[in-house]
Amino acid sequence: PPQPPQDGEDCGSVAAQLWRAEVLLAADVVYDSLGAQRLVALVAALFRHGGANVMYLSLERRVYFSMATLRPEVAAYPDFLSECQRHGLAVEPLDLLGVPVHFGYV
């Protein structure tokens, strides 16, 4: 699993900043099953050993045509949810209807 920076490592590096982050933001990062597994492992490690306690993730449930089954399928998103459950991470959808789509400027 990913490890936080050790003493003497560059504390200004992107990796060090990630370990100190309190909120994680990600968008459009779940493409395939292996990537979903690794993303969840990283997030779980950041929650346990880093400063983060919440992650906001925006994603699209990608549908692809499977040559194996000759049907449209969605694989990465269900695998992402399964990995979250396996790591004990709660997934809660947010209703974004209350978020303004534009802001009035003075």
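Reader: Against what do the buried residues of α3 pack?

Author: The buried residues of α3 pack against α2 (33–49) and β2 (54–58); contact means heavy atoms within 4.5 Å. Helices (H or I, at least four residues) and strands (E, at least two) are DSSP runs, numbered from the N terminus. This is a predicted model, in which local features need pLDDT of at least 70 and side-chain atom pairs count only at pLDDT 80 or more, while totals for chains, interfaces and linings use all residues. Residues are numbered from 1 along each chain as its sequence is written, and side-chain values use heavy atoms, with hydrogens and water left out.

Reader: Which residues of α3 are called buried, and why are they said to line one face of the helix?

Author: In α3 (residues 76–86), the buried residues are A76, Y77, F80, E83 and C84. The term buried means under 20% relative accessible area, exposed over 50%, and partly exposed in between (1.4 Å probe, protein chains only). Seen down the axis of α3, the buried residues fall within an arc of 120 degrees, so they line one face of the helix. That arc is taken from the directions from the helix axis to the C-beta atoms. On the other side of α3, Q85 and R86 are exposed.

Reader: What does F80 touch, and which residues have the most contacts inside the largest nonpolar core?

Author: Leaving out residues up to four places away in sequence, F80 touches V30, A36, L39, V40 and L57. A nonpolar core is a set of buried Ala, Val, Leu, Ile, Met, Phe, Trp, Tyr and Cys residues joined through side-chain atoms within 4.5 Å. The largest such core has 15 residues, and V30, F80 and L89 have the most contacts inside it. Two or more residues of this core come from each of α2 and α3, with α2 giving the most, seven residues.

Reader: Why is V99 called partly exposed, and which residues make the nonpolar surface patch?

Author: V99 has a relative accessible area of 46%, and is therefore partly exposed. V99 lies in the segment after α3. V23, L25, Y56, L94, L96 and V99 make a nonpolar surface patch of about 630 Å². Accessible areas come from the Shrake-Rupley method with a 1.4 Å probe; for residues, only the protein chains shown count as cover.

Terms used
Patches are made of residues with over 30% relative accessible area and no salt bridge: like charges are joined within 9 Å, nonpolar side chains (Val, Leu, Ile, Met, Phe, Trp, Tyr) within 5 Å. A salt bridge is a side-chain nitrogen of Lys or Arg within 4 Å of a carboxyl oxygen of Asp or Glu.
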